[in-house]
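Here's a quick tour of how some side chains in this protein meet each other. Have the sequence and the 3D view open, and look up each residue as we get to it.

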Amino acid sequence: MLTTRFADGAPNWVDVGTPDIEGAASFYGGLFGWRFRSAGPGAGGYGFFQLDGRTVAGGMRAAPEQGPPSWTVYFRSPDAEATTRAAEQAHGGVLLRPMEVRDEGRMAILSDKAGVPFGIWQPGRTAGIDVAGEPGSLCWVELYTADLPAAAAFYRAVLGLETFGVPFPGGVYTTVNPAGGGEDSMFGGMVPLADDPTEAGAGPCWLPYFEAEDTDATAAEAERLGGTVRMPATDMPDVGRIAKLADPYGARFAVITSAPPQE
């Protein structure tokens with residue numbers, strides 16, 4: 001599962017772009033107890049969502065020409081320039097070339113062969129989010145894609161990610177882990193769009209999952225706060241109870257109350 005013992009290729013940051021950062025702060029504050037803190041006057045409106053003083057995500061106002069409201073998942077890179085070149089060589093796109101973020105690190109926004117955006121973060125003073133896997137924080141990510149083999153090949157070439165199939169009733173789930181990490185380091189999965197009606201209509205994306213103490217209550221609260229329940233709370237055997245949501249501006253995410261670890 002996802003932890004803050006970040007390995008190269010694993011998610012180490014997540015942020016939301018929204019037309020109304022104050023409204024988003026109100027929504028996620030009501031949903032997860034997050035508080036928004038500005039990164040300062042020179043940060044272009046960027047700031048941090050914090051839970052009990054620990055950073056769980058970032059957020060910023062995004063203009064319409066920057067794309068629809070959405071969550072972006074960032075993956076740890078030891079060299080942002082080299083990872084960007086690898087993405088270009090693998091026929092991906094570069095939406096924002098590597099740039100210095102003060103002395104906190106270097107970032108870039110790339111896209112895979114299918115056009116799905118994702119970020120990379122080369123740590124400086126900031127390694128990544130402060131907490132993962134706890135209620136109200138990032139715990140899993142999923143890529144929804146029309147061509148799973150092509151996506152797996154792309155992310156292996158660019159980030160070194162490895163995939164393996166886990167059988168479950170009715171099929172096989174493709175999990176993802178950093179190079180050499182094995183099953184114990186898996187942090188997400190890849191899902192064919194055709195296998196998921198909820199995401200098929202919305203299009204390919206990296207979808208972040210946040211841990212919830214009670215999925216049903218969180219979904220109901222999201223709706224009360226002006227969000228949308230895209231998929232109602234559903235049990236996944238040996239995994240947990242999940243729901244797929246969207247905030248009031250349309251940014252997609254999911255929540256899960258994870259099942260207790262199996263002996």
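**Side chains that meet**

Glu221 and Arg224 sit three residues apart in helix α5 (residues 215-224), so about one helical turn separates them. Keep in mind that this is a predicted model. A search of the whole structure finds 25 aromatic pairs, and the structure also holds 14 salt bridges.

**A salt bridge within a helix**
- Glu221 and Arg224 form a salt bridge, and their closest N and O atoms are 2.8 Å apart.
- Glu221 counts as partly exposed, because its relative accessibility is 23%.
- Arg224 has a relative accessible area of 61%, so this one is exposed.

**A buried salt bridge and its network**
- Salt bridges with shared partners join Asp196, Glu199, Arg230, Lys244 and Arg252 into one network.
- In one of these bridges, Lys244 meets Glu199, with the closest N and O atoms 3.5 Å apart.
- Lys244 belongs to strand β15 (residues 240-246) and Glu199 to helix α4 (residues 197-200), so this pair ties together parts that are 45 residues apart in sequence.

- Asp103 and Arg125 meet through their side chains in a salt bridge, at 3.3 Å from N to O.
- This pair links distant parts of the chain, 22 residues apart: Asp103 is in the loop between β6 and β7 (105-111), while Arg125 is in the loop between β8 (117-123) and β9 (138-145).
- Asp103 has a relative accessible area of 43%, so it's partly exposed.
- Arg125 counts as exposed, at 61% relative accessibility.

**Aromatic rings**
- Among the 25 aromatic pairs is Phe32 with Phe210: their ring centres are 5.5 Å apart and their planes are at 50 degrees, so the pair is tilted.
- Phe32 is in helix α1 (residues 21-32) and Phe210 in strand β13 (residues 205-211), so to speak a link between distant parts of the chain, 178 residues apart.
- Both Phe32 and Phe210 are buried.
- Ring pairs also link these two into a cluster with Phe27, Tyr28, Trp34, Phe36, Phe49, Trp71 and Phe253.

**A nonpolar patch on the surface**
- Leu95, Leu96 and Met99 form a nonpolar surface patch, and together they have about 250 Å² of accessible area.
- You'll find Leu95 in strand β6 (residues 93-101).
- Leu95 counts as exposed, because its relative accessibility is 53%.

Note on methods: Residues are numbered from 1 along each chain as its sequence is written. This is a predicted model: local features need pLDDT of at least 70, side-chain atom pairs count only at pLDDT 80 or more; totals for chains, interfaces and linings use all residues. Side-chain values use heavy atoms; hydrogens and water are left out. Rings of Phe, Tyr and Trp (its six-membered ring) pair if their centres lie within 6.5 Å; planes under 30 degrees apart count as stacked, over 60 as edge-to-face and the rest as tilted. Helices (H or I, at least four residues) and strands (E, at least two) are DSSP runs, numbered from the N terminus. Buried means under 20% relative accessible area, exposed over 50%, partly exposed in between (1.4 Å probe, protein chains only). Patches are made of residues with over 30% relative accessible area and no salt bridge: like charges are joined within 9 Å, nonpolar side chains (Val, Leu, Ile, Met, Phe, Trp, Tyr) within 5 Å. Accessible areas come from the Shrake-Rupley method with a 1.4 Å probe; for residues, only the protein chains shown count as cover. A salt bridge is a side-chain nitrogen of Lys or Arg within 4 Å of a carboxyl oxygen of Asp or Glu.
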